[in-house]
Every structure is written in structure tokens, then in C-alpha cells.
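Student: I have a new structure to learn. Could you walk me through it, one question at a time?

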Amino acid sequence: RRRGPTPGAAAPKAAEPAAERPSIAAVVEEEAPVSDAETEARAEAQRARNRAQRESLVAGCIAAMEQWITDQLERGLAGFDQRAVQDCATLAKRLVDGKAGGLANRISALPAALFRVPEEERPQVAARALAAAYCIGQAYTRQDSLPELLKADVRQTVGWNLTREALLEDRGLLRIDGHWRVLAARDEVQPDRLRRIETWLQTDAAGGHCAVLIDFIPVSGGAVGNMYLPGEVLDAELVFYPSPVPLRAQIIAHRGTQAAAESWAGGPHSLAAALEAWRTALAAKPWLDTFPLTAAKVRVRAAGPRLYACGDDLALPLAAAAHDAARPLATVDDISLFGLWDGRELTPLLAQTPIGEWTAP
């Protein structure tokens with residue numbers, strides 16, 4: 001039989017009604033949505049932290065580079081070419097780790113540049129390259145005191161990228177619309193295993209302004225860069241990257257490409273005037289690497305083992321690597337010449353002669 005409740009025991013509690021479950025609408029109402037403005041503010045704050053972190057890394061590796069350059073100068077540059085491969089590779093890795101890829105490529109390319117010239121010229125080539133790298137580091141350290149175009153240039157030189165979108169949005173950048181003749185195309189593999197493809201152009205407007213399109217393509221990939229060939233003419237508008245010496249550009253409007261109807265005339269400038277334009281550009285951008293020279297009424301002559309581009313009271317040495325290909329130019333006069341001048345030697349890329357057009361192989 002069932003037992004009754006124990007005397008004195010508490011009576012059982014009545015069951016409490018189940019709590020009412022909130023509706024979906026109530027839950028949604030309690031979770032206030034994050035506005036687009038708040039999301040963008042957080043993203044911008046994160047970008048600012050990333051930029052500050054990278055600035056710190058770049059500053060550190062620039063200090064290391066400057067100390068390395070000082071050490072090389074103290075050891076002497078007479079034997080620098082013998083230790084350049086290992087020493088430059090070590091510094092380049094430090095620069096890559098410090099997010100200064102542009103400087104890393106510059107240092108990595110130095111050993112190959114040394115072995116392209118005669119042994120007796122290597123200390124001078126090394127001194128020029130190290131001086132330019134040191135100048136870039138000093139300019140970056142003092143970038144807030146630089147004019148805006150020079151500041152933008154040094155940041156790009158160190159390794160900060162400027163996107164196509166940023167170029168298009170900046171209405172203050174130089175833009176030139178017209179017909180652009182393809183003067184030359186160069187293709188080389190960088191130490192970072194990227195193909196650097198340069199396409200050099202000259203417009204029939206703006207006093208014959210020159211521009212260069214630069215593409216970087218992985219060596220292992222199947223992609224190709226600009227496929228414009230010398231002698232073609234582009235009907236296009238170009239926007240130039242910010243620089244006191246605007247040369248690198250991107251096409252923002254391309255209306256067609258066709259073969260040139262006439263031979264290249266070379267422009268009205270003499271070789272002396274072209275060299276003066278380089279001096280002006282160098283004063284505006286001290287770490288200038290190469291500069292396009294276009295000149296008319298040029299002669300190529302030999303003096304000893306070297307070839308020279310000659311004008312009135314002026315002779316510029318041609319790059320030793322170009323001697324074999326350029327030697328036929330010494331047999332003709334009145335040449336219109338286009339080439340790249342690095343302050344030490346001229347690499348000829350295109351010449352219009354009385355007997356036809358010459359292009360570098």
C-alpha cells in the first residue's frame with residue numbers, strides 16, 4: 001500500500017509555468033546590426049596598424065642597408081665584385097623581410113651589373129649603385145620634408161605599390177592623350193624570378209614625351225605582357241605614376257593600334273640637348289637609373305675598342321654589350337637615335353639611318 005506523506009514534510013511545490021521563448025523578431029531586435037560606417041572604420045583602423053607596422057619594418061631594414069653600405073666602403077670597393085654575390089644576397093633577403101622589395105631588387109641586381117663591365121670599371125659601377133641606394137634610404141627617412149612628387153617616387157622605389165585604381169582616381173597626375181609610337185621593347189628576368197617587360201613609347205604630342213609601360217610576370221607562368229612591337233602606333237591616353245620625372249605610365253584608354261605610316265624621325269633635339277634633359281631630370285630625381293635619349297643628326301664612331309654616339313662637340317660611350325649589334329651604325333651618318341642613358345653609357349635601342357631602320361636585337 002502507498003505511504004502517505006511523512007509528517008512535517010514540506011508540501012510539494014506546484015510546477016512553474018515554462019518561460020516564454022522569445023520570438024525571432026525579438027532576437028533580431030536585440031542584436032543591433034553593425035553599420036557600414038563602423039565596419040569601414042574598423043577596416044581602416046586595421047589598415048593603419050598594418051601600414052605603421054610596415055613603416056617600422058622598412059625603417060629598420062633601411063638602417064641595416066645604410067650600415068652595410070658603410071661597411072663596404074670601409075673595406076674598399078676594389079675587391080667588392082669578388083664578394084658581391086654572397087653579400088648582396090644576404091642584404092637583399094633582409095630587405096625582403098623588411099617589406100622593401102624595390103630596394104631588394106636593386107641590391108640583388110648589382111652583382112650581374114658588375115660582371116657586365118670590364119674589371120677595371122667595376123669599382124666605379126659599384127660606387128654609383130651604392131650611392132644611389134644610400135640616397136634612396138636617406139630620402140625615405142626624410143620623406144615628410146620632400147615635395148609630394150619626390151616623396152611618392154621614393155616610396156615606390158622602396159617597394160610601396162600604387163594600384164591602378166589609385167592612379168585613375170588621382171586627377172592631379174600627368175595624363176597625355178595622343179598617338180604613341182612604340183620605340184623599343186625589352187624583356188629581362190629579375191633576381192626575384194619575375195620577368196620585367198618594358199615597352200618604350202614616344203608621343204607626337206607634348207613635345208615628344210617618352211613613356212614606359214612596365215609589366216611584371218612570373219617566369220613560371222604562361223602569361224604575357226604588353227605585346228606591342230616597335231613600329232606600331234597606339235591611339236591611347238596614358239596616366240603617369242607620380243614622380244618629378246614622369247616616365248612610367250599605364251594606358252587608361254586604348255582606341256586602337258596600327259603600323260606606323262612613316263619612319264621614325266627622332267625628334268628635333270641634338271645629342272647635347274638630350275643630355276641636358278637628362279641632367280635636369282637627375283637634379284629632380286637623384287636616384288634616376290636610366291633616362292631615354294632621343295636625338296637627331298647623330299654619328300656612331302669607334303675610338304679604340306669602344307663605340308661612341310657623337311654629336312657636335314659631344315661623344316657618349318655605347319654600352320659594351322651593344323657593340324657587336326651596333327657596329328654597322330658606324331658606316332653611316334645622320335642617324336636618328338633612341339637609347340637609354342644611365343649616366344655612364346648609352347644602350348642604343350632604335351636608329352633610323354639613311355639606308356633603313358636599325359633595332360637592337
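Student: At what angle do the axes of helix α6 and helix α7 cross?
Tutor: This model is predicted: local features need pLDDT of at least 70, side-chain atom pairs count only at pLDDT 80 or more, and totals for chains, interfaces and linings use all residues. Residues are numbered from 1 along each chain as its sequence is written, and side-chain values use heavy atoms, leaving out hydrogens and water. Helices (H or I, at least four residues) and strands (E, at least two) are DSSP runs, numbered from the N terminus. The axes of α6 (residues 122–141) and α7 (residues 148–158) come within 10 Å, and they cross at roughly 120°.

Student: Which word describes α6 relative to α7, and why?
Tutor: Axes are lines fitted to C-alpha atoms, for helices over the stretch in contact, and angles run from 0 to 180 degrees between N-to-C directions. Under 35 degrees is roughly parallel, over 145 roughly antiparallel, 65 to 115 roughly perpendicular, and the rest oblique. The axes cross at roughly 120°. Therefore α6 is oblique to α7.

Student: How far apart are the axes of helix α2 and α6?
Tutor: Two packed helices are described by the angle between their axes and the distance between the axes. Helix α2 (residues 36–75) packs on α6 at about 145°. The crossing of α2 and α6 is left-handed. Their axes are 10 Å apart.

Student: How many nonpolar residues does the contact of α2 with α6 have?
Tutor: From α2, the residues include Val58, Ile62 and Trp68, and from α6 they include Leu130, Ala133 and Tyr134. The contact also has four polar and two charged residues. The nonpolar residues number nine.

Student: Arg54 lies in helix α2. Which residues does Arg54 touch?
Tutor: Arg54 counts as partly exposed, at 21% relative accessibility. Buried means under 20% relative accessible area, exposed over 50%, and partly exposed in between (1.4 Å probe, protein chains only). Arg54 and Trp160 are 106 residues apart in sequence, with C-alpha atoms 9.9 Å apart in space. Not counting residues up to four places away in sequence, Arg54 touches Lys99, Gly159 and Trp160.

Student: What is the phi of Lys99?
Tutor: Lys99 lies in the loop between α3 (80–97) and α4 (101–108). Lys99 is partly exposed, with a relative accessible area of 45%. Most residues other than glycine have a negative phi. Lys99 has a positive phi, near 65°.

Student: Is Asp313 buried or exposed?
Tutor: Asp313 sits in the loop between β7 and β8. Phi of Asp313 is positive too, near 60°. With a relative accessible area of 83%, Asp313 is exposed.

Student: Which strands stand at the edges of the six-strand sheet?
Tutor: This open sheet runs β8-β7-β6-β9-β10-β11, with antiparallel pairing. Two strands pair if DSSP finds at least two bridges between them. Each edge strand has a single partner, so one side of each is left without a neighbour in the sheet. The edges are β8 (314–317) and β11 (356–359).

Student: Which residue in β8 stands opposite Tyr308?
Tutor: Strand β7 (residues 306–311) runs antiparallel to β8, and four bridges join them. Opposite Tyr308 stands Pro317.

Student: Which residue in β4 is the bridge partner of Ile176?
Tutor: Another open sheet has five strands in the order β3-β2-β1-β4-β5, paired antiparallel. Strand β1 (residues 175–189) and strand β4 (residues 232–240) pair over seven bridges. The bridge partner of Ile176 is Leu238.

Note on methods
Left-handed = near helix turned anticlockwise from the far one by under 90°. Contact = heavy atoms within 4.5 Å. Nonpolar A, V, L, I, M, F, W, Y, C, P; charged D, E, K, R; others polar.
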